[in-house]
Amino acid sequence: MKHSTTQQTRRGHRGPARQLGRTIALVLPVVLVLSGTLAVTRVNWSGNPSDSVLAATDVSNAGNAKRSAPRAPQDVLRDQLMTELQEKNPGTALTHLQQAVDDRPSLARHCASIARALGRAAVRVYGPTRAQSYARPVCDTAFASGVAAAHG
């Protein structure tokens with residue numbers, strides 16, 4: 001009988017390890033959510049090297065905040081990449097598009113349309129053959145389809 005009493009006591013007893021486990025199970029998700037939220041708010045989404053913590057839409061509208069509504073992040077990104085395509089090359093713009101989508105997954109649904117727009121712009125700036133040479137699998141084959149649409 002003594003043996004069964006010991007087993008009952010152990011099953012019914014909530015030791016420090018169990019209490020610690022329950023505390024961690026309750027606190028850990030809260031800590032993860034808060035740290036993720038704080039990390040996202042601290043990221044400089046604008047791509048400007050300044051130490052500012054403003055979002056991309058805030059940076060683009062700093063000078064004309066009273067004149068127009070805030071621009072969507074994908075529109076700001078598209079404009080930045082178009083400028084980069086003209087000033088550098090389509091390969092650099094595509095690399096930065098992929099980095100932007102990796103850093104900010106909410107832009108993924110706009111990736112193909114931005115890549116197609118870059119493809120069409122590349123044809124205008126570089127011609128169809130040279131523009132096609134920059135094609136790579138960013139957002140599937142959207143850049144190449146933009147080149148083909150502008151060429152055909």
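## R78 and its partner

R78 is partly exposed, with a relative accessible area of 22%; here buried means under 20% relative accessible area, exposed means over 50%, and partly exposed is what lies in between (1.4 Å probe, protein chains only). Its side chain meets that of D75 in a salt bridge, 3.3 Å from N to O. For that label, a side-chain nitrogen of Lys or Arg has to sit within 4 Å of a carboxyl oxygen of Asp or Glu. The two side chains also make a polar contact at 3.3 Å, a term for a pair of N or O atoms within 3.5 Å where, within protein, one must be able to donate a hydrogen and the other to accept it, and where residues adjacent in sequence count only if both atoms are side-chain atoms.

Why are R78 and D75 separated by about one helical turn? Because they are three residues apart in helix α4, which covers residues 73-87. An α-helix has 3.6 residues a turn, so residues three or four places apart point the same way. D75 is partly exposed too, at 30% relative accessible area.

## What the model is

This is a predicted model, so to speak: local features need pLDDT of at least 70, side-chain atom pairs count only at pLDDT 80 or more, and totals for chains, interfaces and linings use all residues. Residues are numbered from 1 along each chain as its sequence is written, and side-chain values use heavy atoms, with hydrogens and water left out.

## The other salt bridge

The structure holds two salt bridges. Besides R78 and D75, D79 pairs with R71, and the closest N and O atoms there are 2.0 Å apart. D79 counts as partly exposed at 37% relative accessibility, and R71 is partly exposed with 28%.

α4 has 15 residues, and at 1.5 Å a residue they should span 21 Å; the end C-alpha atoms are 21 Å apart, which agrees. The expected span is 1.5 Å times one less than the number of residues.

Q74 is buried with a relative accessible area of 18%. Leaving out residues up to four places away in sequence, Q74 touches L107, H110 and I114; contact means heavy atoms within 4.5 Å.

## The aromatic pair

How many aromatic pairs does a search of the whole structure find? It finds one. The rings of Y126 and Y134 have their centres 5.8 Å apart and their planes at 55°, so the pair is tilted. Rings of Phe, Tyr and Trp (its six-membered ring) pair if their centres lie within 6.5 Å, with planes under 30 degrees apart called stacked, over 60 edge-to-face and the rest tilted. Both Y126 and Y134 are buried.

## The whole chain

Zooming out, the chain has eight helices and zero strands. Helices (H or I, at least four residues) and strands (E, at least two) are DSSP runs, numbered from the N terminus. Of the 152 residues, 27% count as buried.

Among contacts between residues at least 6 apart in sequence, 56% join residues at least 24 apart. The accessible surface comes to about 10,300 Å², and 57% of that belongs to carbon and sulfur atoms; the areas come from the Shrake-Rupley method with a 1.4 Å probe, and for residues only the protein chains shown count as cover.
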